[in-house]
Amino acid sequence: MVSLKLQKRLAASVLDCGLRKVWLDPNEVNDISMANSRQNIRKLVKDGFVIRKPQKIHSRARARAAQEAKSKGRHTGYGKRHGTREARLPTKILWMRRLRVLRRLLRKYRDAKKIDRHLYHEFYLQVKGNVFKNKRVLMEAIHRQKAEKQREKAIADQFEARRSKNKQARERKKERREDRLTSGVAVSDPAPAKKEAPAKKEAPAKKQAAKPAKK
């Protein structure tokens, strides 16, 4: 049998693949053995006598099925675990995930103008201090704080409105009193001359009652 080592090496160079990926047609061995240059190999490739084998398929169907089962909690018992709980999923990773979720929520609320920068800073420090264990608790705290601030603002506005109303009432009352005084002075006649006061009558002398003689 004719050796085709040279042709296979040249074909691998032309097709830019490994030697085991080159297929030489066994029915055209004589023509292939005559090819001793890359140009001749290219002609054989064009004719279909030399072919590059297709890539073998490595199926992931079994891997996907196993991963889906694991996501449901199968095959994760004590016998399947290697490493401590901290090594398998460090608490620091859990803390970083939770912190990033809460900080992302605060940023979203601040950008959407749902909270001002003062409230953002207050909750940012509380998140850092591990006050909220998840996003739901943080959202409830934000809504509760906003409702409290709105209630305080409404009370303050009511107090301010009542105070301004009372002040306006006092001013109107003062103006009416001043108007009455000015109109009373303008309409009334000049005051009459004062009459002389009558002379005081002398008090009659008191009769001295005779004291009864002591026996």
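Guide: We will go from the whole chain to single residues, with each general idea placed before the case.

Guide: Please keep in mind that this is a predicted model, in which local features need pLDDT of at least 70 and side-chain atom pairs count only at pLDDT 80 or more, while totals for chains, interfaces and linings use all residues. Residues are numbered from 1 along each chain as its sequence is written, and side-chain values use heavy atoms, with hydrogens and water left out.

Visitor: How many helices and strands does the chain have?

Guide: Helices (H or I, at least four residues) and strands (E, at least two) are DSSP runs, numbered from the N terminus. Here the chain has eight helices and two strands, and from the N terminus on their order is α-β-α-α-β-α-α-α-α-α.

Visitor: What share of the residues in the chain is buried?

Guide: A residue is called buried under 20% relative accessible area, exposed over 50%, and partly exposed in between, with a 1.4 Å probe and protein chains only. Of the 215 residues in the chain, 15% are buried. The accessible surface, which is computed by the Shrake-Rupley method with a 1.4 Å probe (for residues, only the protein chains shown count as cover), comes to about 19600 Å² for the chain, and 53% of it belongs to carbon and sulfur atoms.

Visitor: How many salt bridges does a search of the whole structure find?

Guide: Side chains of opposite charge can pair when their charged atoms come close. A salt bridge is a side-chain nitrogen of Lys or Arg within 4 Å of a carboxyl oxygen of Asp or Glu, and the search finds five of them. One of them joins Lys43 and Asp47, at 3.4 Å from N to O; both residues lie in helix α3 (residues 38–47), four residues apart, or about one turn of the helix. Lys43 is exposed at 54% relative accessible area, whereas Asp47 is partly exposed at 41%.

Visitor: Which residue forms a salt bridge with Arg136?

Guide: Arg136 pairs with Glu140, and their closest N and O atoms are 3.2 Å apart. The two are separated by about one helical turn because they are four residues apart in helix α8 (residues 135–187). In helix α8 there are also Arg163 and Glu160, three residues apart, whose side chains meet in a salt bridge at 2.7 Å, N to O. Arg163 is partly exposed, with a relative accessible area of 46%, and Glu160 is partly exposed at 39%.

Visitor: Where is Asp25 found, and is it buried or exposed?

Guide: Asp25 is found in the loop between β1 (22–24) and α2 (29–34). Lys and Arg count as positive and Asp and Glu as negative, while His and the chain ends are not counted. Asp25 is buried yet has no salt bridge, and the nearest side chain of opposite charge, Lys53, is 12 Å away. A polar atom of the Asp25 side chain does lie 3.1 Å from the backbone nitrogen of Asn27. If we take contact to mean heavy atoms within 4.5 Å, Asp25 touches Ile32 and Phe49, not counting residues up to four places away in sequence.

Visitor: Which residues make the nonpolar surface patch?

Guide: Patches are made of residues with over 30% relative accessible area and no salt bridge, where like charges are joined within 9 Å and nonpolar side chains (Val, Leu, Ile, Met, Phe, Trp, Tyr) within 5 Å. Leu89, Ile93 and Leu94 make a nonpolar patch of about 220 Å². Ile93, found in helix α6 (residues 91–111), is partly exposed, with a relative accessible area of 31%.

Terms used. Polar contact = N/O pair within 3.5 Å; in protein donor to acceptor, adjacent residues only side chain to side chain.
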